[in-house]
There are 8 protein chains.
Amino acid sequence: MSKPYSRLDINNAAVLLVDHQAGLLSLVRDFDPDRFRNNVLAVADLAAYFQLPTILTTSFEEGPNGPLIPELKEKFPEAPYIARPGQINAWDNPDFVAAVKATGRRQLIIAGVVTEVCVAFPALSAIEEGFEVFAVTDASGTFNEVVRDAAWNRIAAAGVQMMTWFAVACELHRDWRRDVEGLATLLSNHIPDYRNLMTSYAATKGAIPSGKPAA
Amino acid sequence: MSKPYSRLDINNAAVLLVDHQAGLLSLVRDFDPDRFRNNVLAVADLAAYFQLPTILTTSFEEGPNGPLIPELKEKFPEAPYIARPGQINAWDNPDFVAAVKATGRRQLIIAGVVTEVCVAFPALSAIEEGFEVFAVTDASGTFNEVVRDAAWNRIAAAGVQMMTWFAVACELHRDWRRDVEGLATLLSNHIPDYRNLMTSYAATKGAIPSGKPAA
Amino acid sequence: MSKPYSRLDINNAAVLLVDHQAGLLSLVRDFDPDRFRNNVLAVADLAAYFQLPTILTTSFEEGPNGPLIPELKEKFPEAPYIARPGQINAWDNPDFVAAVKATGRRQLIIAGVVTEVCVAFPALSAIEEGFEVFAVTDASGTFNEVVRDAAWNRIAAAGVQMMTWFAVACELHRDWRRDVEGLATLLSNHIPDYRNLMTSYAATKGAIPSGKPAA
Amino acid sequence: MSKPYSRLDINNAAVLLVDHQAGLLSLVRDFDPDRFRNNVLAVADLAAYFQLPTILTTSFEEGPNGPLIPELKEKFPEAPYIARPGQINAWDNPDFVAAVKATGRRQLIIAGVVTEVCVAFPALSAIEEGFEVFAVTDASGTFNEVVRDAAWNRIAAAGVQMMTWFAVACELHRDWRRDVEGLATLLSNHIPDYRNLMTSYAATKGAIPSGKPAA
Amino acid sequence: MSKPYSRLDINNAAVLLVDHQAGLLSLVRDFDPDRFRNNVLAVADLAAYFQLPTILTTSFEEGPNGPLIPELKEKFPEAPYIARPGQINAWDNPDFVAAVKATGRRQLIIAGVVTEVCVAFPALSAIEEGFEVFAVTDASGTFNEVVRDAAWNRIAAAGVQMMTWFAVACELHRDWRRDVEGLATLLSNHIPDYRNLMTSYAATKGAIPSGKPAA
Amino acid sequence: MSKPYSRLDINNAAVLLVDHQAGLLSLVRDFDPDRFRNNVLAVADLAAYFQLPTILTTSFEEGPNGPLIPELKEKFPEAPYIARPGQINAWDNPDFVAAVKATGRRQLIIAGVVTEVCVAFPALSAIEEGFEVFAVTDASGTFNEVVRDAAWNRIAAAGVQMMTWFAVACELHRDWRRDVEGLATLLSNHIPDYRNLMTSYAATKGAIPSGKPAA
Amino acid sequence: MSKPYSRLDINNAAVLLVDHQAGLLSLVRDFDPDRFRNNVLAVADLAAYFQLPTILTTSFEEGPNGPLIPELKEKFPEAPYIARPGQINAWDNPDFVAAVKATGRRQLIIAGVVTEVCVAFPALSAIEEGFEVFAVTDASGTFNEVVRDAAWNRIAAAGVQMMTWFAVACELHRDWRRDVEGLATLLSNHIPDYRNLMTSYAATKGAIPSGKPAA
Amino acid sequence: MSKPYSRLDINNAAVLLVDHQAGLLSLVRDFDPDRFRNNVLAVADLAAYFQLPTILTTSFEEGPNGPLIPELKEKFPEAPYIARPGQINAWDNPDFVAAVKATGRRQLIIAGVVTEVCVAFPALSAIEEGFEVFAVTDASGTFNEVVRDAAWNRIAAAGVQMMTWFAVACELHRDWRRDVEGLATLLSNHIPDYRNLMTSYAATKGAIPSGKPAA
């Protein structure tokens with residue numbers, strides 16, 4: 001009854017960021033905007049931190065869908081950037097698939113907008129071709145919770161693994177001793193509660209001076 | 001470990017609209033009425049837009065269940081229309097099954113009211129006969145969320161794919177270049193946020209004159 | 001890829017009502033009390049209406065768990081009634097299993113309180129012995145939604161089918177022509193919205209006189 | 001700073017039931033249907049139990065709004081029954097106001113569908129004429145929670161007191177010794193949790209025999 | 001203790017539609033987009049139906065805020081249209097105030113985006129100048145529910161009356177006999193549940209033919 | 001019936017930030033952490049942007065409550081910083097009151113953690129002394145929504161005005177022409193949806209190059 | 001415009017605990033049971049800690065309502081304990097009122113089950129007699145949130161101040177220096193998040209040894 | 001179609017408590033703190049009650065993550081306690097795996113913080129090695145419900161069984177007669193509703209004296 005643990009491996013994983021465009025983001029309503037923005041930037045930060053091959057793709061940037069958010073462009077200036085001329089499923093675009101295959105990686109970490117289309121379609125295509133696929137559920141957004149539930153149901157049934165950016169980061173990192181400060185910085189920048197823990201800890205240790213009460 | 005992608009194909013799909021009747025719609029409480037009405041009309045519009053064979057069926061229109069909503073009748077004047085004399089599961093009605101088989105399609109896109117009966121029963125029957133079945137979850141309504149969850153659980157376990165009207169439309173369309181204007185119109189008519197994106201885009205491009213401030 | 005439709009059959013189904021006791025019902029908080037009471041009585045009514053073999057069982061009625069609610073006792077005066085002396089899983093009680101097997105039925109419709117124990121344990125035991133098991137999710141209650149989700153997850157993974165009382169009734173009835181009035185009465189008594197549809201319909205048909213406005 | 005307690009008085013209160021019609025009830029979505037039906041019947045039962053003067057009124061029963069639900073007609077066969085020919089605000093109908101004034105009561109307990117119209121309008125009119133007004137919030141329903149919140153806000157600002165059927169019953173009854181059995185029956189019929197308490201209590205006292213465990 | 005009923009009067013009311021612009025609408029997350037769009041169009045329809053003086057105003061249409069949604073422009077081609085050059089509070093714009101005063105009306109029905117600014121600021125200014133102000137809460141949207149609650153709290157404390165478009169329509173109409181068909185059409189176009197009631201009623205009366213069952 | 005509009009005035013307002021300490025922030029559960037952090041930083045940014053006198057205060061920084069979050073210290077290096085030696089109500093600390101009075105301002109904008117104590121207590125004290133008080137509800141957090149509701153209820157009843165950081169910013173700014181770029185930057189930094197609108201607008205205007213599709 | 005701050009005073013406050021009986025507690029569904037139990041015990045602990053005069057009262061302990069929960073009896077062995085023979089409003093019981101007046105206190109802190117009756121009725125009576133009344137909203141429970149909202153609305157309109165146990169404790173304590181350890185213990189025992197802050201702080205200070213990692 | 005019932009066995013189960021540390025607990029927001037604390041202590045109590053081998057492990061106790069909560073240390077003074085020097089997945093720590101294997105048990109009951117990492121990773125590793133794994137879902141917490149859903153989805157897909165502490169206790173106990181008092185005490189200490197049932201039952205039986213009403 002044992003089942004192999006399909007575990008993210010820093011040497012075998014690549015990140016696909018699909019259609020995080022300024023216009024399309026206004027469609028995302030299954031997450032609070034502050035949280036969603038934070039999650040998307042966190043995925044980008046972890047991809048950069050772990051130096052994972054990362055591929056950007058967009059759909060019709062020049063129309064209402066709007067441009068890729070500038071933060072992603074700036075974070076990955078050298079990444080393959082596939083502006084699809086029309087294909088809704090990124091996997092239907094030969095340049096995109098070529099870029100994926102060029103990484104040599106077999107584990108694909110996908111986030112995108114909207115979940116049931118921009119994430120689900122390439123995820124299902126990649127599964128069909130034998131890749132392991134990990135959806136970053138909290139950096140993938142859509143119209144509302146019911147739509148999200150349907151999307152998750154469909155891709156999970158096909159074998160996609162449901163992850164979150166924090167789970168991805170931890171599974172890649174594996175051991176704090178690999179780089180304590182690096183991981184702590186990543187967490188501090190994207191988890192306010194963790195940042196507060198670190199602040200309080202540092203203060204108690206005396207690293208941060210506190211205000212001295214007078215009267 | 002690869003798994004084939006069971007993907008909607010415009011040449012192999014048919015749409016089944018089951019019991020969207022004026023009386024039965026008052027039972028639907030797992031969706032806000034404005035959203036649900038919009039979703040049902042969106043499914044009808046996409047079926048017409050993609051020229052998919054579409055079959056209408058109802059249960060006891062002359063009683064409390066009420067008539068099929070007029071918009072569906074008007075949208076599909078030539079479609080097979082099976083007013084079932086009593087069968088709760090549409091698949092138990094030979095005319096309905098004959099109409100389905102007459103389409104020659106093997107992918108069935110089903111929406112209906114209520115989900116756990118009017119969608120689930122024919123979906124399970126169709127799966128048994130080897131069809132691929134796609135439930136349009138957001139155009140299928142029922143009494144409350146708990147009932148919906150049970151319905152989804154049962155049919156997903158049997159292999160029904162959970163979709164939404166937007167995912168169906170995108171998976172059928174595949175490439176914006178197939179007909180940019182057609183798809184955009186469909187989206188604009190049923191996704192207010194997308195309509196707004198298009199409006200703002202057109203205005204910025206100068207296609208829509210704006211009010212000139214005076215004082 | 002076809003999968004058989006495990007469909008409820010009026011000649012092959014039995015109903016197991018587990019621990020709907022007055023004390024234990026105070027633990028149920030994943031349903032509003034008005035709705036839950038209605039659902040439990042609806043299951044009892046449908047079991048009686050379809051003349052399904054029905055088995056009652058309780059746990060420690062004489063202690064804090066309290067007695068079986070009187071409505072169930074009155075509805076099934078002749079049913080096997082297994083007051084378990086201690087077994088938490090009803091299937092561990094030989095009398096209970098004997099009563100189930102004495103029905104000769106292979107499809108078991110189970111409802112109970114609380115879901116993750118009184119429903120889940122006998123459901124898993126029955127699955128193991130090759131029965132088909134259908135959980136009546138909306139007549140089975142527990143502490144809160146998180147507990148419910150875990151319970152559903154576990155039993156669905158084992159092959160239990162998630163149903164609701166309305167889906168059970170419709171799958172058993174199959175065709176309105178079997179007994180229009182009987183099913184309509186069942187629905188009217190337990191679905192206020194359906195009752196209203198029937199009332200309005202009858203009034204419009206002239207069967208119910210309305211108040212005549214005067215001024 | 002003391003403020004007089006405007007307290008319901010069994011000798012000074014009357015009940016107004018406005019537009020609980022079968023069609024209009026399908027509009028009510030700020031309450032679960034089982035709960036709402038129970039609450040409406042509870043108000044009717046308490047009005048009858050406390051023998052309060054009760055007035056029924058409806059709007060366009062012969063059209064889509066549907067007839068007053070039969071249970072209310074049956075409960076109050078002798079009550080004034082004002083089928084309004086068109087006035088939306090019941091207080092605009094002279095027969096209705098005359099019926100109210102004929103009771104001689106100065107405390108008006110109002111419930112109706114929908115809250116922001118059928119309850120709010122006559123409530124505001126009655127306040128203007130110096131009546132004390134008590135809205136039975138849980139027997140008054142409307143389209144959704146946002147609409148309800150606006151309705152409550154407007155009438156509370158005008159001095160309407162927000163009540164529930166249980167609070168009304170308790171404030172009228174004042175002392176259990178007035179009629180222990182009568183109040184207990186009312187509560188048992190409309191509060192499942194209280195019914196269960198009574199059942200368990202009776203069983204522990206030995207009034208209800210429990211199943212004797214065998215094996 | 002009586003309090004005058006500040007009641008909308010068709011001869012004394014005007015409608016102010018503030019900043020329903022395509023860009024700003026993407027900020028609205030306290031309502032589902034389908035519902036909100038419907039509510040805004042309903043307010044526009046009722047203003048036109050009751051022939052109330054209506055004033056449109058916008059903020060920076062040529063920038064990211066986007067143009068007024070085209071449906072409003074088309075509905076009120078002759079209405080005063082104040083494109084404010086910078087004032088956030090519309091009441092700070094002299095043209096706007098002049099347009100309001102030119103109507104001669106003392107009851108102002110306001111809807112806008114976002115609630116706590118575009119509705120609240122002019123509402124508070126108008127109250128200060130002695131107008132009666134009615135906020136159309138369900139056609140006024142903002143970032144989330146917490147922001148909405150704060151906005152409602154502030155303006156209600158200042159005496160603004162909380163309404164919804166349906167309550168406004170009913171309070172203005174007062175008597176169905178004024179124009180049964182007109183009001184019914186307004187409701188049918190914006191309340192799906194009411195539309196269904198009308199459809200079922202007409203069908204039962206025989207006005208709509210239903211499908212005849214065959215087998 | 002007119003009521004004066006108590007309107008924030010950039011020349012008469014001061015900001016009080018009470019106990020936004022790293023430890024205490026872990027108690028805040030009526031807001032998502034990402035949203036709350038954003039709101040607190042937004043209040044700080046607006047105080048700095050509008051150059052409002054700002055006062056910081058903390059409670060027991062050296063113990064479990066933890067230090068003031070570093071971002072606030074850095075933002076206001078010259079602000080009065082009252083580390084209270086024990087007073088729970090900041091207004092009980094003479095240094096704090098002296099600092100408030102030294103600003104010469106009569107409008108106090110307060111945010112703090114937790115709402116019902118650190119905001120409510122000084123707010124009630126300040127009201128008593130004749131200040132106008134504006135609570136920044138979305139930069140004030142507490143244990144859960146029920147606690148928040150009670151806190152809002154109490155202070156609103158005392159005359160505190162319920163605001164949000166965005167409403168405060170808009171009421172202070174009054175006219176976009178005062179500084180279009182400054183306000184736009186503030187909004188872009190703290191409202192992801194607005195940032196996206198600006199990005200899309202700039203891109204459509206050609207200010208941001210988009211990816212050119214190739215195949 | 002200034003308004004006096006009605007502030008809890010340790011020398012002028014008394015605590016009234018009304019009908020926290022084992023049976024009635026099963027009716028409370030507007031709070032999670034773990035939270036509600038904690039809140040009730042917290043009120044009891046704070047009453048004891050601040051040595052406030054405390055009065056217990058119950059309704060029909062010997063029937064289905066069940067006994068006062070043992071923890072309250074044990075906490076206040078010497079407190080007046082009024083087992084009311086039938087009065088629903090505790091203030092209708094002369095012994096109860098006498099006990100209240102015997103305390104000499106003019107500020108009454110009330111918690112009870114259920115809110116709209118057992119809290120609201122005596123609160124309104126006490127207000128009428130000129131007491132200041134503070135409802136402990138989170139130690140007062142009822143059937144559901146809608147009922148709670150109505151109850152809060154009614155009593156707040158009469159001048160009752162909405163508090164929570166934590167706000168009561170802080171307003172009474174006023175200054176941590178009064179007894180740092182005592183207040184900290186109270187908070188640690190009833191606020192898990194605060195307990196964790198204290199644990200982490202103590203550990204960082206070295207007061208708690210941590211596990212030493214080995215491999 | 002029968003499927004074996006993977007049932008917890010008191011002689012084959014061990015308990016793994018992973019990273020319930022004071023700092024990390026501040027990250028848990030998918031449960032109310034009172035409920036979560038109760039659930040964690042309940043798991044500890046049941047492990048002790050059933051004398052299951054129990055293993056404690058922590059991650060970086062000396063840093064911001066904070067120490068293991070003292071209650072767990074005290075409850076299991078003799079248990080293996082693995083303070084991991086850096087491994088995020090406890091199963092990557094050889095001492096931890098050795099401790100697990102030393103128990104000789106093949107059924108692992110896991111609870112931890114946060115769910116998607118500290119529970120999911122070792123659960124997936126243990127499944128791979130052929131253990132049966134049972135996640136205690138309600139004693140495992142994480143950032144929010146969306147993260148939890150993803151975590152449950154992933155581990156359930158791998159064969160982990162979703163349990164709750166109550167289900168675990170009942171499945172281990174099997175028969176009340178094994179030790180009525182022991183199980184009842186466990187339930188009474190962690191289920192307030194059950195405690196109330198027991199209190200009321202005892203009182204009705206006369207075991208608890210109630211207050212005698214006087215007037």
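**Chain contacts and symmetry in the predicted assembly**

Between chain H and chain A, eleven residue pairs are in polar contact, both residues at pLDDT 80 or more. A polar contact is a pair of N or O atoms within 3.5 Å; within protein, one must be able to donate a hydrogen and the other to accept it, and residues adjacent in sequence count only if both atoms are side-chain atoms. On the side of chain H that touches chain A, the elements giving two or more residues are α4 (115-128) and α5 (145-157) of chain H. Helices (H or I, at least four residues) and strands (E, at least two) are DSSP runs, numbered from the N terminus. By class, this side of chain H has 17 nonpolar, twelve polar and eight charged residues. Here Ala, Val, Leu, Ile, Met, Phe, Trp, Tyr, Cys and Pro count as nonpolar, Asp, Glu, Lys and Arg as charged, and the others, Gly among them, as polar.

The model is predicted: local features need pLDDT of at least 70, side-chain atom pairs count only at pLDDT 80 or more, and totals for chains, interfaces and linings use all residues. Residues are numbered from 1 along each chain as its sequence is written, chains are lettered from A and ligands numbered from 1 in the order in which they are written, and side-chain values use heavy atoms, with hydrogens and water left out.

Contact (heavy atoms within 4.5 Å) joins 37 residues of chain H to 35 residues of chain A. The area buried between the two chains is about 2900 Å², and carbon and sulfur atoms give 62% of it. Buried area is the accessible area (1.4 Å probe) that two parts lose on being put together, summed over both. In chain H, the most area is lost to chain A by H:Ile88, H:Val146 and H:Arg154, together 21% of what that side buries. Three salt bridges are counted between chain H and chain A. A salt bridge is a side-chain nitrogen of Lys or Arg within 4 Å of a carboxyl oxygen of Asp or Glu. One pairs H:Arg29 with A:Asp193, at 2.7 Å from N to O.

Chain H is laid on chain A by a turn of 90 degrees and a shift of 0.0 Å along the axis, with an RMSD of 0.0 Å. The two copies are therefore related as by a four-fold rotation axis. Superposition is by least squares on the C-alpha atoms of residues with pLDDT of at least 70 in both copies. In chain H, the C-alpha nearest the axis belongs to H:Ala157, 6.3 Å away.

Chain G and chain D were examined next. Their contact takes 36 residues from chain G and 35 residues from chain D. They bury about 2900 Å² between them, 62% of it on carbon and sulfur atoms. Three salt bridges cross this interface. G:Arg29 and D:Asp193 meet in a salt bridge at 2.7 Å, N to O. Chain G can be laid on chain D by a turn of 90 degrees and a shift of 0.0 Å along the axis, with an RMSD of 0.0 Å.

Over all chains, the structure holds 96 salt bridges. C:Asp92 lies in the loop between β3 (81-84) and α3 (94-102) of chain C, and H:Arg7 in the segment before β1 (13-18) of chain H. Chain B and chain H do not touch, their nearest C-alpha atoms being 13 Å apart.
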